[in-house]
Amino acid sequence: MLLPVLFALGAALSNALATVLQRKAALTVPKSEGLRVGLILDLLRRPVWLAGIVAVITAGVCQAVALATGPITVVQPLFVLELPLALVIAAALLQGRLSRAGWLAVGTVVAGLGVVLFAASPEGNRTQVPMTHWIPAVAVCVAAVAALVVAALRRPEGRGRAACFGLATAISYAMTAALMKTSMHTLDDGGVTAFFTTWQTYGFALFGVCALFFLENAMQSGPLVASQPALTLGDACVSLALGITVYAEYVRTGWWLIPQILGAALIAAGVLALSRLPLARRLASEEKEQLEQGTAADAGTPAP
């Protein structure tokens, strides 16, 4: 279990770096009321965003190794560490610091994750999944994403819209991981030819692109306090559901559900507290000047 945990942590760290770089790039492109395809074209001209994509690719490789060697119910919940890591990285890159409340929230997320994983004690690592499991899972996830996108587009810019896009991103990320897990086992068993001829490979690529697209729109739709909890908690919950229903993985039930719920509550409280920090809000603000002022405020120094 050590190998998938280490690679999952590496993926979370790379994703955190990508998040910081992509959010900085997202502040430099024109905003839009609709679901704008040209947003990606605008971002492609930003070196900072391209550096973020390199970090995303690194995270994808680490995640693939983690999923190939461990259960999805262990690997994906570790991605709740992405927000704490992102804020630590943002503070370092912007020469700021996290407040005591920030570090307390980081500790709360870590403690909650530890409680959940210990209480759940996930097991199982099925390598192949029958189509009778895939068809309903894909259908439900696609329907949920479509409904969330429609709901987002019907709402004005703000928290509701950002939350909808954030949850759509979470479902897309979870489905990407589930499909990637089968593709990695196919690569291991049948080689490159089998990898490129299995539908799961193209499925996880499609869901991955959609997740990136929804994430960029979530960043521009509203405050981080709305989109990040939906993204972080949604990814973990949907991945847990897919691990149990698709891959027949096992988590402890009975009275063990009590500490699992407690741990989940700690994670939710920590993520919500982190997303309310000035640094987190400024990373998702509309103006570069606000970003600089927020960093200076977190560092306890006057803005330049």
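**Entry 1: the whole chain**

A residue counts as buried when its relative accessible area is under 20%. With that in my notebook, I turned to the model, which is predicted. I looked up the buried share and found that 51% of the 304 residues in the protein chain are buried.

Next I listed the elements. The protein chain has 13 helices and 0 strands, so my sketch from the N terminus on is simply α-α-α-α-α-α-α-α-α-α-α-α-α. I also checked how far contacts reach along the sequence. Among contacts between residues at least 6 apart in sequence, 81% join residues at least 24 apart.

**Entry 2: the nonpolar core**

Which residues touch the most other members of the largest nonpolar core? I found Leu 87, Trp 134, Met 175, Phe 214, Leu 242, Val 246 and Leu 274, in a core of 65 residues. Helix 8 gives the most to this core, with 12 residues.

Setting aside neighbours within four places in sequence, I noted its contacts with Leu 83, Pro 84, Leu 87, Gly 102, Ala 105, Val 106, Val 109 and Ala 280.

**Entry 3: helix 3 and helix 8**

I then went back to helix 8 and a partner. Two packed helices are described by the angle between their axes and the distance between the axes. Helix 3 spans residues 47-69 and helix 8 spans residues 159-197; their axes come within 8 Å and cross at roughly 70 degrees. Angles of 65 to 115 degrees count as roughly perpendicular, so helix 3 is roughly perpendicular to helix 8.

Who meets whom here? From helix 3 I wrote down Gly 60, Gln 63, Ala 64, Leu 67 and Ala 68, and from helix 8 Ala 177, Met 180, Lys 181, Met 184 and His 185. By class, this contact has 6 nonpolar, 3 polar and 1 charged residues.

**Entry 4: two threonines**

I started with Thr 19, which lies in helix 1 (residues 2-26). Is Thr 19 buried or exposed? Its relative accessible area is 6%, so Thr 19 is buried. Leaving out residues up to four places away in sequence, Thr 19 touches Glu 82 and Ala 86. I also looked up Leu 83: its C-alpha atom is 8.7 Å from that of Thr 19, although the two residues are 64 residues apart along the chain.

Then I moved to Thr 201, in helix 9 (residues 199-221). Thr 201 counts as buried because its relative accessibility is 6%. Beyond its neighbours within four places in sequence, Thr 201 is in contact with Ser 183 and Phe 195. The side chain of Thr 201 reaches the backbone oxygen of Phe 195 at 2.5 Å.

Methods. Residues are numbered from 1 along each chain as its sequence is written. This is a predicted model: local features need pLDDT of at least 70, side-chain atom pairs count only at pLDDT 80 or more; totals for chains, interfaces and linings use all residues. Side-chain values use heavy atoms; hydrogens and water are left out. Axes are lines fitted to C-alpha atoms, for helices over the stretch in contact, and angles run from 0 to 180 degrees between N-to-C directions. Helices (H or I, at least four residues) and strands (E, at least two) are DSSP runs, numbered from the N terminus. Angles under 35 degrees count as roughly parallel, over 145 as roughly antiparallel, 65 to 115 as roughly perpendicular and the rest as oblique. Contact means heavy atoms within 4.5 Å. Ala, Val, Leu, Ile, Met, Phe, Trp, Tyr, Cys and Pro count as nonpolar, Asp, Glu, Lys and Arg as charged, and the others, Gly among them, as polar. Buried means under 20% relative accessible area, exposed over 50%, partly exposed in between (1.4 Å probe, protein chains only). A polar contact is a pair of N or O atoms within 3.5 Å; within protein, one must be able to donate a hydrogen and the other to accept it, and residues adjacent in sequence count only if both atoms are side-chain atoms. A nonpolar core is a set of buried Ala, Val, Leu, Ile, Met, Phe, Trp, Tyr and Cys residues joined through side-chain atoms within 4.5 Å.
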